[in-house]
Structures are given as structure tokens and as C-alpha cells.
Amino acid sequence: MELCELTGNELLKKMEKKEISSEEIVRSVYNRINQVENKLHSFVTLTEEEASLQARNIDGNMRKGESRGLLAGIPVAIKDNMCIKNVKTTCSSHILENFISPYEATVVKKLRDAGAVFIGKTNMDEFAMGSSTENSYFGITRNPWDLDYIPGGSSGGSATAVASDETILAIGSDTGGSIRQPAACCGVVGLKPTYGRVSRYGLVAFASSLDQIGPFGKDVEDVALLMNVISGYDENDSTSVNVEVPDFTKSLIENVKGAKIGIPREYFVEGLDGEVERAVKEAIELLEKLGAKTLQISLPHTEYGVAVYYLIAPSEASANLARYDGVRYGYRSPETENLLEEYEKTRGEGFGAEVKRRIMLGTYALSSGYYDAYYLKAQKVRTLIKKDFDEAFQKVDVIVTPTAPTTAFKIGEKVDDPLQMYLSDIFTISANLAGIPGISLPCGFSKKGLPIGLQLLAKPFDEEVLLRIAYTYEKNTDWHKRKPAL
Amino acid sequence: MAEYETVIGLEVHVQLKTKSKLFCGCSTEFGAPPNTHTCPVCTGMPGVLPVVNRQAVEYAIKSALALNCEVPSRSIFARKNYFYPDLPKNYQISQYEQPLAQNGYLEIGTDSAKKRVGIARINLEEDAGKLLHNIGSREIDGSLVDFNRCGVPLLEIVSSPDIKSPEEAYTYLTTLKNILRYLEVSDCDMEKGSLRCDANVSVRLVGKKELGVKAEVKNMNSFRAIQKALEYEVTRQIKALESEERIVQETRLWDEKKERTYSMRSKEEAHDYRYFPEPDLVPLVAEKKRIENIRKTISELPDMRRQRFIKEYKLSQYDAGVLTSDKALADYFEQVVKSYNNPKMVTNWVMVELLGRLNTVNKQVRESPVSPGQLADLLKLMDKGIISGKIAKTVFEEMFNTGKNPQAIVQEQKLVQITDEKEISRIVEEVLKENPDAVEEYGKGKQKAIGHLVGQVMRKTQGKANPQLVNKILKERLLKK
């Protein structure tokens, strides 16, 4: 077995016993990348030299017996919308193709301080807008379970890299499902923390009130480990919340006895793929068997989630993406005659179709005369959706749903039908609107051999209950142990 | 001709003089080399987030309280969207639906004719950068942008349309500036751009209820220019109405050289700023206790100080008004009075000599080369009879030019007053001898002739002789004749 196939926790144990070095792990990961990256294209930028140097330094420090961080020597891949100082941050966009960040994201700094080794920057839908990683200026990423299929998105590169052992751990961002949905498509574990749990400083904003950074791992234990590193209040992010960060690995208890699990009827409706439904129901039955109590609940405003999301997210994005104008950094259209033309051509040529579509949607929704009917109305419904969850969590500890209505779809299948594409996130969007945490973990495979994801949702700042139930489920199944044949 | 009335509302932007910018830690210092006070946040790099400067919030609340505003317990920031190269994010973080403060007023005018001008709202927002079209005197191909000013905290103070004349607008601005300087929250220096003002103006027939179509006038760089631009606009608009032209709602720019306004853009071309709540910032919460603590830090405001000057120093309305019209001046005055307790005399010296001299060199009180202590020393020298009033003016001029102490100047230049009667008598004798004509005329009853003789004595002593003594001795001597 190659080192790259192991989990972060397994590797840390081996390192502790001095059986292996970080350099060996990094070499193993890069060997794997060299084998499969041309098929998958998980990465936009690889930082092998820096990674090797980092690994050697960490090995050196460990030999000297210096105190080591929680992730000392473990490879982590970073979605290409988070800034690593002096490394390109492209957001998979032409407009930022050559942008080298002059500063470091808080999350990256925390990972660096914990001894993580940065393998590279992963591919994504341009500016995190998409559910398939097909909207990348640098080309698509393929699902390791079947190369004709999408890996999900927008953090498709991070999910693929973890699933295919091109990295041990990865970081993604989730605005409407961009961690959970690709985790489901690729058969790995992905967690979107509570809004405000992880600092967004240095995460290139898509929709500020919805964006949240979170971990990918091969199992729940690795995700808990990453949560310990990246969580916490940051004075550079006014929306991060100053609450105590628990030791998430302490929630890894194999016990769901008495846990109350809500099953929202609005999530088991037409459009839900039969195989997915069966797998999720079997997962629920297993949890019941392990001692959990299930309860039918209702989240009555669920049906408005997608509509609300596609008003609020584009509105915020229309302002967030205004800064890409070619004046200070990034792509600038050559040979323009005047300022207006420079703006128009730079942005017209620099952004892809989906990004432009959403900027236009948002600009429209915020325009004078439309604001009340669209943006403001959407905010009101968002409050109702949040209220649905508040009420539900008075009765239950977690809510169980499918992560996505279907398994991964075929490359190209939905590129010309944005509305169909938007529906891929129908089960994940509400958690972002409500600001609550959600996790996706493997719960089966389709006949075609594509992974199916189980989503658990909890009340704000109760990631611990998600991790405990996910961990218990994982301990009693072995979906997460399967590896794609590449 | 029908009678018209003018309606003016002013939007004033003042830079708050915090050490660092509104949303990052960069310095707000004026005049640094371009782009040296910048960071990823104020240059709008991908992924950065704003963090509110507490000091700026404090200054803003302090200003709002001094302007009699309501300060709600919760206000929110909003994004104002427009593209311009001096605005790195292409949106400005400002306030819109729930401003920092609202419903205040500013009292203008004198005690006999006081008037309240409403303050509709006060927003806390960030300044933009600056575009440069030349380097020094050299024109360049294209434009450069300097982000040093970008993110400096601004207070936007929006008046109600309560101002009835360009002159009143001028008074409003000087009063507002004075208050903000008293609070020490802003320099309010139009030349350095720390105070800027746009004016909305319309005219209507007297008695009409609805407002006329307004023009927004921009690009004035002094209070006088604002007054002139408004005067021009009022005349233009009345002329238009008289000739039955339609006035269009538009933004007009003031041309300082030609002393006229011209159209920049019409209402149709106006921006849709697409304001919406800033999702990167949580609401600004101002607890009652914090507001009250800030209220306590407000020192005496100009009007209160003026009243006190009248009472405590027995000054005239006018003198008290002038002295308190500038905090630095009022402070100067009180410091002099502290060591030389003759308010009337100090008033004269500060208002006539000091202000007059400062005016000739175009300097502010706080740049005065003569310190309050030095002025007090000078007045004491005069009081003790060591120098005469006339010499004192010479000494003051020397102090102003060199910054030296009055004692030193008096010694160096041997300006001590001659009070020795024998010495004066000796000189009087000389003068009498040399001016028999004047002596004769005086003898014939021409009282005026004595003036000539006094002048001669003073000339011989370079003005150092004590004038009272000279007079006394001369008269005695002439009577004896």
C-alpha cells in the first residue's frame, strides 16, 4: 500500500513512531499525481518544490525534537480561491490567471502553523460558480470513479484529489453546496462548518453571507482533525464568531443511542433519484438500528431555497466581482480606447459565461425598482427558511437528507441548461441560507459505480453532533474505504 | 418681477483624523509618496475583508451628538456600487438605510437671529483614492492612481433643505467646520481635501409648497466658492424660470475661473448605485452606555464658549464671536489671559495685532510664531512701564519675524523705556532750543504746537521716552516760560 492511500490520522501515527517521514509522504503523493493527474486534472497549480522544502523542514524539526503542529508533515491541497502568499490564486478564471497573492489567507496561515504541507491549488468552477467544475477557464476535472462524469463542484478539484489519493487532505469552500456536493460525487467526506466558524479572510469572495471554508477528508476522523486546525474567531473577519472551539476529535464517539434524527419530507420528493433514495433510506435504517430515534419533520420553505439563493448569491457576487477591472492586477484587455471600453473588454473577455450570467442576474436584482421585489423579498424568505430549521432543531439533533438528488452526471450533460445545473444544489443550498453546518459522507454506490452522499445537518455551532453521528455511521459501514480504479 | 425663494441643502464630507484608515491599519497621513500607505485591504485585493476602526466610530458618534442627532443603537453599512479607477473594489462601503445618526440640527447665526438647519443624516464611509494625470508639471500618457487616501474615514453630513440663501450656506459651513474642529475630529481643511461640499439648490415662487427642480453643484474648493456657485445658480435658475425655460434635474460643476456652473450630467445619466447591506460587516451596535461615555468627551462647543467669554471676560458680542470662531484662536486667547489677566487688552492684541499679522502671511493661529506665553510677557513688559505701547508694537513685529522672546528683543535693541525725569528734561531742553517757532506758537495759545514738540522728543529717543512723562515735563517747562 502506498503512503498516499492512507488517511491523515494514519500517517500522523506512523510519523510519530518515526516509521516514515513527511518527505516520503509528499513524494508518494506526487508520484500519484504524476500517474493520474493527466486523466483527472484536479490541480490548477502544483507547488512541488515548495512542498518538498516544507516537508524537509518539518522532518528536520521533528528530528530535533521540536514541538510539532497538529498536521505536521501532512499534505493538504487548497482550493484555488484561497490565498497562499506568493502563489497564484486564479479562482480558475482567465481574469486572475496570473494573479500572485501578496498575502496569506487566515486558513492557510493556520494550516501552515500546524505544519501542513501545501501540495497545490485545486481546480474549481470559476469563482466557485457551478456544480460540476466544468466552468473552469483551465479545463474540466474528471470524476475518478468514472472519467466521463463530473466530480461535482465547485470544489471539484479538492474532492477529486482526495478521492484519487493525489493529496491526503483538502480544503474547499461551500456557498451553496460546493464542498458537500462534490464530496458526495467523489465518495469522500466534506464538511461545511457553521457560518462564522472559520475565517473567510483570504477566501476570494463569491457570496459573502453564504461562503464558508471547510475540510475534505477520506474519513470523518480526518475531517475532524482539519476542523481543529482551521476553526476559530479571526479579528480580520468581522463575520467570524467569537465562540469557543471544541476539540472536534473528542466528538468521535461511536454511539448514536438516543440521538434524534429528523427526516424532512420535503427532501424525499419527485426528482430524487431512486438509487440515491434507497441508499439514504438504508443509511437511516442503519442509524435506527444503532439506536438513533428518527422523526418525520417538515421544512416548509424548502421549495423556495433555490430561488432565494439565486437572488442573494448573484447580488452579492455582482459587487464582490466588481474589483476585477484590470486596473490594479489580473487580466487587462489590450489596446482599449478609453476607460469604459477597458472595463467592458477586460470583464467581457476575462470572465466566463456562467460568471457573467450571475453578475448580470445580481446587478438586475439590486437595480432600483427591482430591489424590493427581488433582493429584499429573497432576504425575507431566507429568514423563513432559517426559522424552519430553528423550529426543527427544537425537536431533533440532526437532520438527514441526500446530499444531492442524483449521483454525478455526465460531463457536458447540463452545461447548456443552467436551471438543471442549479437544481444539483437543491438539498445543500438551505444550509448556507440558514448558516448551519452540514456534512456529506459516502453511503453507497449506484449500479454504475458512482458514489452516493448522505447529508447531515445540525444547528449552528453544533458540528460535534454531525461528527459523532457521521463517525458512528462510518464505523459501521465501509463505503469510505472503497477506492476508485484509475 | 415675481418673488422667488431659494432652497439649499448641503452634503458635506469631512475626513476624520484617525491615525489609521476606516477598514484597515494603514496610516491616514496626508502627503506621503503615492501608494505608500496601502495594503491588500485598501487596494481591494481578492479575498480581503474590512474591519471597522473603533476610533472612527467614536469620532462619528461624537460629531453626531454635537450636531444634536439621534444615534440609533444599531446602524448598518451598505455597498454603494459604481466603477471608477480610484475605487479599488468598485463599490464604496458607506451607509444607506440605517445611517449612523439622523434627525439632528445645527444652530447658525447670532443670538439676535438664530436659526436651526436640520441635519437629515450622518453616514460613516470610506474615502476613495486619487487619480493623477501628471507627475509634477509633466503631463503623462494615461492616468495614475494613488491609493493613499483610499479608505480614510469620511463623515457624510447631509443637511435638510433648510438653507435659504448662499450667504446662509456660507454661515452653515463655517459653523459646522468650527464645531468639528472644536471636537478635534477633523481638520476640515478644504485645501487638503479634508472637507468637501456638494450643494443642492433650487428656487421657487414665494408661497409655493412644492420644491423647484434642483441642481446639484460640485467642484467648489472654498466656502467662498460655494457661496459664489450658489449665487450663480440662483440667478441662473430664476432667469430660466422668468423666461419660462424648463429646469432639468442635473449635476453641475463650478468653474472657478469663469465663475459659472456648467452641466456635467442629467438625471437620466445618474448612477444607479444599487445599495445593499454590506455582508462582510456585522451591524454597528452602539450601546447606550457607550454613547453616553462619548457624550462626556464632548468639550465646550463654540456657542457655549462664546457665551462664557461674554460673561467671564466681559467681552462684546462681536469680540467673543470672533475669538471663538476658531478653537485654536479661543485657546490662544485664554492662554494669554491666564498669565496676563487683562482680557480687554488681550482681546485687542490678539484680534488686531496677531490676527492682522497672521493674515498678511496667510497663516493659521496654530502656526503663529508668537506663542501665547510670549504675547503675555510682552503685555506684562508694557504694563510694568518697561516699554511703551508704541515700542511694544515694534517688539511684537520682531517677535513675529524671529520667534524671539520680548525680553531678549528689548534688551538687545535697548528699547527699555526712558522714565528718568532728568534725562527726559535734558532732551526737552534740547528740543525747546531747537524749535523756538513752536514754543512761540504755543505761547500764543496754539495748543496743538505741543504735539510737534512731543514728537521731536520721541524722535530723539527713538520712541523710548515715556509719553506721559514727556507730556508732563513739556507742559511744566512751557508754563514756566
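Which residues is A:R68 in contact with, leaving aside its neighbours within four places in sequence? In this predicted model, where local features need pLDDT of at least 70, side-chain atom pairs count only at pLDDT 80 or more, and totals for chains, interfaces and linings use all residues, the partners are A:L12, A:E16 and A:M62, contact meaning heavy atoms within 4.5 Å. Residues are numbered from 1 along each chain as its sequence is written, chains are lettered from A and ligands numbered from 1 in the order in which they are written, and side-chain values use heavy atoms, with hydrogens and water left out.

A:R68 sits in the loop between α3 (48-63) and β2 (75-79) of chain A; helices (H or I, at least four residues) and strands (E, at least two) are DSSP runs, numbered from the N terminus. With a relative accessible area of 33%, A:R68 is partly exposed, since buried means under 20%, exposed over 50%, and partly exposed in between (1.4 Å probe, protein chains only). The C-alpha atom of A:R68 is separated by 7.4 Å from that of A:A114, 46 residues apart along the chain.

The meeting of the two chains comes next. Chain A brings 39 residues to the contact and chain B 30 residues. The area buried between them is about 2800 Å², with carbon and sulfur atoms giving 61%; buried area is the accessible area (1.4 Å probe) that two parts lose on being put together, summed over both. Of the area that chain A buries against chain B, 21% is supplied by A:S238, A:R323 and A:R328, more than any other three residues. One salt bridge is found across this interface, the term standing for a side-chain nitrogen of Lys or Arg within 4 Å of a carboxyl oxygen of Asp or Glu. This salt bridge joins A:R200 to B:D280, with the closest N and O atoms 3.1 Å apart.

Chain B can also be looked at on its own. An automatic or database domain assignment divides chain B into domain 1 (4-293), domain 2 (300-412) and domain 3 (421-480). The C-alpha centres of domain 1 and domain 2 of chain B lie 35 Å apart, and 10 residues of domain 1 are in contact with 15 residues of domain 2. About 1000 Å² is buried between these two domains of chain B, 45% of it given by carbon and sulfur atoms. Two salt bridges are counted between domain 1 and domain 2 of chain B. The side chains of B:K327 and B:E184 also meet in a salt bridge, at 3.3 Å from N to O.
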